Amino acid sequence: MKKVSVFILVCVAIVFSLSAQNSKADKVIEKAIKLVEQNDEKKAVDILEKATHTYNDYAPLYIFLAEIYYNNKDYEKSAANYIKGIAIDKDYDLNAYYRLGIMQKNAKDYTNAKRNFQYYIDNATKPRYKSKVEDCKYNIACIDFIETQMRNPKAFAPYNLGENINDKEYQYLPTLTLDNQLYFTQRTDDKEDFYFATKKDAYSSSFEWNKKQKMPYPLNTDANEGAASISPDGRYLYFAKCNTKDGFGSCDIYRSKRVGNTWGEPENLGSNVNSSSWDSQPSIASDGRTLFFVSNREGGFGKSDIWYSYLKDDNTWTKARNCGKVINTGGNEISPFIHPSNSTLYFASDSLIGMGGMDIFYSKIIDGKFQEPVNIGYPINTDKEESCLIVSANSRYAIYARENTPNKMDLYAFELEKSLQPTKVICMRGKVLYDDNKRGNESVLQVKNLRTNRLVTSTISDKENDTYNLALVEGEDYALSVTCNGYLFYSENFSLKELQSSEGKDYLDKDIELKAIKEGSSVILKNIFFATNSFELMEESNAELNTILMMLNTNPLMFIEISGYTDNVGKEDYNKTLSQNRANSVKAWLVGKGVAQNRIIAKGYGMQNPVADNSTEEGRKQNRRTEFKILKTK
């Protein structure tokens, strides 16, 4: 047996001093206390057990025995002695009801557990008992939740990811790319390393995997690396690394960039993210900028909290901020996962109302604010430790870590019932092509939601193979912007509303071609918007206008023409005037931002030079356009 803690000894001494009804039994207790202090608990238990036969109506003997058994996790004998002590003297020590309630709850004896917690609450009149009242209320709420959940279980059919992923070691903290490449942490003895696996069929809905592979240096080293989060586009890996020379605390968060199949040297995210404490378990949002992570630093609400930081345009991180008391409690919140839709944050907590142990929760994000966390439900959550849950981009599947035995943890997958599915995300993928066929380019792709005018996702193309992946929530309208040094920018607006009714449509394939900056090159400004029959620029145009401004500022010897066009509806003179006024509006905006007037020619062409058939609405829409053309540059 382990030595009884000082706290327990103090409690017993207080209880003992309040009784003193049986001097002979009290001497036995005094002797037992000395034996415990000498780390001879076995002998202490022996003399107490014998004393209960002689003084079988003396409550302190049973309470002391129960405390020792409880401290050594022999809950069956502990509960039996608490029950005997309470039966002899129900008011001797109110803590007995609390301890007994905890054990009965863990043993799933919910009726008696609630009765004992409630008795404690009703009788906690003395100051020394007040501290456990809220904990008793919490445990009653958990029992009510457990009983409700067990009457209304969620649809749940988990399956082990199989021997290609799991083995005799610990596998946990999974992370997925948009195209379903699986990365996870594996612990062997006390060493953590990264592994990854690809799907056997990238386009199937089943989660069957090829044999896992250990990730190479510099991601795996002699140090401890773990808790990875791969950006949905697969370009950056965020992870924790411990006890490093350039670290700020015991564990810090690092980032590595992938080019082709090669991972770059990890970089510490710096003191705005990392602290002198433990920082780990990152999760990067699909915007490529918002990072959630876990830390036990000062300034939190509990033992470990979820924090976040934002990557600014200058490639520095904002000072980390706590996610607040809606998410964090006085206990432990761990393993955050932000779904690629950026609409739902998943995490695990041991202090919110749940099934017991560590439970998985989710919080919807509405207008940038976390909503009250919701327990994901039974039997996904049990009285064991559940954590490390992630959800696929298409929202249909989840992967999580589950403890099979005390010395083994495996990764499992299951299909989420409809009520638990977050907003579905479409993977927009393809290549960025260059009209001069130069290789080694890296383009920046950014997508804004046209309804909210907010940046929803961004990525960079792979300069080795020109590929890209973007995460887009279905059912919305978007503005895409692509830029690359030495090339005209590309812009387009498109809708994913029609994909909502296309069951199983998880991918949108699109290649993009950029034109080299040279005289005569032109691009259609697809994200310049005017109201119908108006030349007033709409607010949604600002992102595109700023892109033009940046290009002109970067190329001070560039001279351009802004060209306006209309469809063939209406009179020719009216359309020509309208197109001229629209071109003038774009020029006026740029001049107002400091561009010299002589660098811009604004010209309206009316219904001339159509790019599509005017007999259809879609064709007329394409013909109503603004263009950007290079007249002269160096």
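Below are my entries, one topic at a time.

**Ground rules.** I am working from a predicted model, where local features need pLDDT of at least 70, side-chain atom pairs count only at pLDDT 80 or more, and totals for chains, interfaces and linings use all residues. Numbering starts from 1 along each chain as its sequence is written, and side-chain values use heavy atoms, with hydrogens and water left out.

**Cysteines.** I looked for disulfides (cysteine sulfur atoms within 2.5 Å of each other) and found 1. C242 is joined to C251, with S to S at 1.9 Å. I get a torsion of about 95° about the S-S bond of C242 and C251, so I noted the disulfide as right-handed. Both C242 and C251 are buried; buried is under 20% relative accessible area, exposed over 50%, and partly exposed in between, using a 1.4 Å probe and protein chains only. C388 is in no disulfide, and the nearest cysteine sulfur, that of C242, is 15 Å away. C388 counts as buried at 9% relative accessibility, and C427 is buried at 2%.

For β6, 6 of the 6 residues are buried, so the strand is largely enclosed by the rest of the structure. It pairs (at least two DSSP bridges) with β7 (residues 236-242), antiparallel, through 4 bridges. I230 stands opposite L237 in β7. The two strands form a hairpin with 5 residues between them, and G234 in the turn has a positive phi of about 80°.

**Helix α9.** I tested the length of α9 (residues 542-554): its 13 residues should span 18 Å, and the end C-alpha atoms are 18 Å apart, which agrees. The expected span is 1.5 Å times one less than the number of residues. Its buried residues include L545, I548 and L552. Among the elements covering them are β28 (490-495) and α10 (572-592).

**Cores.** A nonpolar core is a set of buried Ala, Val, Leu, Ile, Met, Phe, Trp, Tyr and Cys residues joined through side-chain atoms within 4.5 Å. The largest has 36 residues, and L161, W209, L389 and I399 touch the most other members. Elements giving it two or more residues include β2 (170-176) and β21 (397-405). Beyond four places in sequence, I399 is in contact (heavy atoms within 4.5 Å) with residues including L161, W209 and C388. Apart from this core lies another, of 29 residues, among them L100 and F117.
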